[in-house]
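Let's walk through this fold together, from a single pair of facing residues out to the whole chain. Have the viewer open and follow along.

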Amino acid sequence: MRPTLFRLAALLLVGAAAPAAAGPDPLRIAWLGPLSGPLKAAGEESLLGVRAAADGWASGRPVEVVPFDDADDPKVAEDLLAEAQKQKFAAVVAMPTGRTVEAVAARARRGRVPVLVAGTAPPTPSIDPEDPVIFVGPWETADSGVASIV
């Protein structure tokens, strides 16, 4: 995915999750995805995009993006998301793969912490109007039959 997509999506999530009064402490965002293994390059690109988007956020308030390497392993992804939730980040941006997306979505829903899921594999849809999982990715359009990116 292009870094621009991550910038826009992460900005929307952080804007909704940021406290009203900006203080001197950095706004902390957790990033979850593969930084090792065969998908390392895709994970690194995603992380760079989120970090680039963080420049200039929150009216000059510093933003810290903390990476969590799930190594494209569902159990590791679930455990790391639980750890990120415990650390009370302002937001979580996840780049799960087809192998990890369901574990990430399930953990996000149990923890009721908003998680922006950006990738090509959507999680199982939920009918819960307060579902904390926000998916940004491609899908097939009815008129063109090709994938579109939100």
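Which residue does Val92 stand opposite in E4? Val92 stands opposite Val115. Before we build on that pair, a word on the ground rules: this is a predicted model, in which local features need pLDDT of at least 70 and side-chain atom pairs count only at pLDDT 80 or more, while totals for chains, interfaces and linings use all residues. Residues are numbered from 1 along each chain as its sequence is written, and side-chain values use heavy atoms, with hydrogens and water left out.

The labels are simple: helices (H or I, at least four residues) and strands (E, at least two) are DSSP runs, numbered from the N terminus. On that basis the protein chain has 4 helices and 7 strands, and they follow one another as α-β-α-β-α-β-α-β-β-β-β. Of the 150 residues in the chain, 41% are buried; here buried means under 20% relative accessible area, exposed over 50% and partly exposed in between, with a 1.4 Å probe and protein chains only.

Strands of a sheet pair through backbone hydrogen bonds, either parallel or antiparallel. In this model, 5 strands form an open sheet in the order E2-E1-E3-E4-E5, with parallel pairing; two strands count as paired if DSSP finds at least two bridges between them. Strand E2 (63–69) and strand E5 (133–136) are the edges, each pairing on one side only. Neighbouring strands of this sheet are turned by 20° against each other on average, direction ignored. For such angles, axes are lines fitted to C-alpha atoms, for helices over the stretch in contact, and the values run from 0 to 180 degrees between N-to-C directions.

Step across the sheet from E1. Strand E1 (residues 27–33) is joined to strand E3 (residues 91–94) by 4 bridges, and the two run parallel; Leu32 has Ala94 as its bridge partner in E3. Helix H2 (residues 40–54) packs on the sheet here, touching E1, E2 and E3, and its direction makes about 165° with that of E2.

Further along, 3 bridges join E3 to E4 in parallel. The chain gets from E3 to E4 through H4, and this β-α-β crossover is right-handed: with the strands pointing away from the viewer, the path from the first strand over the helix to the second runs clockwise. E4 and E5 then pair in the parallel sense over 4 bridges, with Val117 finding its bridge partner in Phe135 of E5. Look at the side chains of E4 too: Val115 and Val117 point one way, Leu116 and Ala118 the other, and all are buried.

Helix H4 (residues 101–111) lies across E1, E3, strand E4 (115–118) and E5, running at about 165° to E4. Its buried residues are Val101, Ala103, Val104, Ala105 and Ala108, and their cover includes E1, H3, E3, E4 and E5. One of those residues, Ala103, is also in contact with Pro74, as are Arg99 and Thr100, leaving aside the neighbours of Pro74 within four places in sequence. Pro74 belongs to helix H3 (residues 74–86) and is partly exposed, with a relative accessible area of 26%.

The model has 1 aromatic pair, where rings of Phe, Tyr and Trp (its six-membered ring) pair if their centres lie within 6.5 Å, and planes under 30 degrees apart count as stacked, over 60 as edge-to-face and the rest as tilted. The ring centres of Phe68 and Phe89 are 5.8 Å apart and the planes stand at 85°, so this pair is edge-to-face. Because Phe68 lies in strand E2 and Phe89 in the loop between H3 and E3, the pair ties together parts 21 residues apart in sequence. Phe68 is buried at 10% relative accessible area, and Phe89 is buried at 9%.

Finally, check the backbone. Most residues other than glycine have a negative phi. Asp72, in the loop between E2 and H3, has a positive phi near 60° and is buried at 12% relative accessibility. Lys88, in the loop between H3 and E3, has a positive phi near 55° but is exposed, at 70%. Just after H4, Arg112 takes a positive phi of about 55°.

Key:
Contact = heavy atoms within 4.5 Å.
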